[in-house]
Amino acid sequence: MAWAHEHRRGITAAILTLLLGTGITAFGVAPLAPDAADLPRRLIAEEVQPLPIDEQIEALNDHVLELNRNDLTRASDTADTLLTRLGVTDAAAAAFLRQDPLGRLVLQGRPGKMVQATAGELGQLRQLVVRYPAEKDTQFSTHFTRLSITREGESFKVTKEQAPLAARVRLGGGVIHSSLFAATDAARIPDTVATQLAEIFSNEIDFRRDLRRGDRFTVLYEALEADGEPVTWNQAAGRVLAAQFTNNGKTFEAVWYQEPGGKGGYFDFNGQSMRRAFLSSPMEFSRMTSGFAMRFHPIHKTWRRHLGVDYAAPTGTPVRTVGDGVVDFAGVQNGYGNVVYIKHGADRVTVYAHLSRIDVRKGQRVEQGQRIGAVGATGWATGPHLHFEFRERGEQVDPLRVARSSETYTLSPAMRERFLAHAQTLKAQLAVAAAQQQLASAE
């Protein structure tokens with residue numbers, strides 16, 4: 001031992017040399033090894049003696065059985081029907097859900113809460129864990145509520161906490177047969193991903209008029225999970241990380257990238273920013289009812305030139321500014337009802353009319369995509385919708401044309417090389433999803 005301690009450096013070097021030499025040799029000869037199918041095979045039989053039946057029964061009696069079941073709450077649920085569906089037969093647990101202030105939260109509010117029950121072999125509840133959206137709007141996309149009910153003897157202990165959502169990267173893809181949302185539903189991709197796809201490619205594709213049967217898409221996105229379970233409520237997905245969309249034979253690409261200390265954005269795989277000075281729409285994916293053209297006016301009953309764009313949406317739908325600017329007017333104005341004017345410099349102004357509420361004030365600086373109000377039916381409106389105008393030097397122009405021709409933001413030269421390496425990694429993952437999609441179509 002004394003000799004080994006005295007020469008430990010030499011022994012260590014010799015071992016490392018031996019290991020490295022073995023590794024290199026293995027790498028060199030592995031391709032020349034014989035096929036495993038040609039090697040001799042032997043069949044070995046060995047008799048196994050099971051334990052006596054009595055001992056097996058005794059071991060099973062000592063084993064504590066637990067039954068676990070997951071489900072979602074329904075609008076018609078009562079404490080008894082929910083527990084029965086979960087395989088729980090426990091009158092005390094049902095009474096607790098009906099009477100305890102926190103226990104009642106399981107069935108209060110919107111249905112669709114994720115419930116997980118652990119019961120004993122006789123159906124007695126041991127633990128009930130309920131997961132549903134965070135209670136604060138500011139945490140809606142980052143946290144969830146965890147309500148835990150645990151049996152302690154003849155009583156129950158209940159706790160409620162806000163826990164962070166976890167993101168797991170997923171691949172998906174689909175083919176357009178009727179609409180984008182129908183295709184994502186068929187591919188089991190969350191609606192929030194479809195909305196983001198429409199937003200990302202909105203300056204290149206008009207998703208209301210340009211989609212063609214047979215168009216394809218692949219997408220890499222973050223799937224949000226609560227304690228390892230995919231969430232079932234509205235924001236079931238986080239950010240789209242990369243996507244490809246083939247429309248009418250032309251392929252568009254996008255990858256999310258954020259420079260250290262800066263704002264993130266979408267770029268094509270060559271590093272060209274997809275963010276323009278103006279968004280194509282003041283709302284997330286919605287239905288245009290009147291474009292920038294002649295139309296039969298629903299109130300005046302005459303054919304008139306429509307100097308803006310109307311978007312149909314329910315009252316309360318968020319309205320956002322399409323570009324950075326300063327609020328020039330926020331209040332009530334004749335047929336526009338509640339209206340907001342935003343100046344964007346270079347004699348450009350955008351108008352947002354018929355709002356049910358206004359969330360900005362005159363003189364306030366706003367950023368692209370910031371909420372400024374909500375859809376309504378104030379002023380001369382036959383129903384809830386947003387009337388949107390884009391004015392240049394006082395003249396109304398087509399907002400979609402302005403958005404598509406507006407200047408783009410560029411990636412700094414110092415970050416371009418790092419971005420390209422990142423983009424190539426994501427592009428390879430999208431290629432895998434596209435190959436899987438083609439194989440599925442061939443079958």
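Predicted model: local features only at pLDDT ≥ 70, side-chain atom pairs only at ≥ 80, totals over all residues.
In which sense do strand β9 and strand β10 pair, and over how many bridges? The two strands, spanning residues 237-247 and 250-258, run antiparallel and are joined by six bridges.

**The hairpin of β9 and β10**
- Two residues separate β9 from β10 in this hairpin.

**The hairpin of β10 and β11**
- Strand β10 also pairs with β11 (residues 264-267), in the antiparallel sense and through four bridges.
- Across this pairing, Y257 faces G265 in β11 as its opposite number.
- Five residues lie between β10 and β11, and in that turn G261 has a positive phi of about 80 degrees.

- As background, most residues other than glycine have a negative phi.
- N248 counts as exposed because its relative accessibility is 57%, and exposed means over 50%.
- R393 is not a glycine either, and its phi is positive at about 50 degrees.
- To find R393, look in the loop between β23 (385-392) and β24 (395-397).
- Is R393 buried or exposed? With a relative accessibility of 64%, R393 counts as exposed.

How values were computed:
Residues numbered from 1 in each chain as written. Heavy atoms only, no water. Pairing = 2+ DSSP bridges. Buried < 20%, exposed > 50% of the residue type's maximum accessible area, 1.4 Å probe, protein only.
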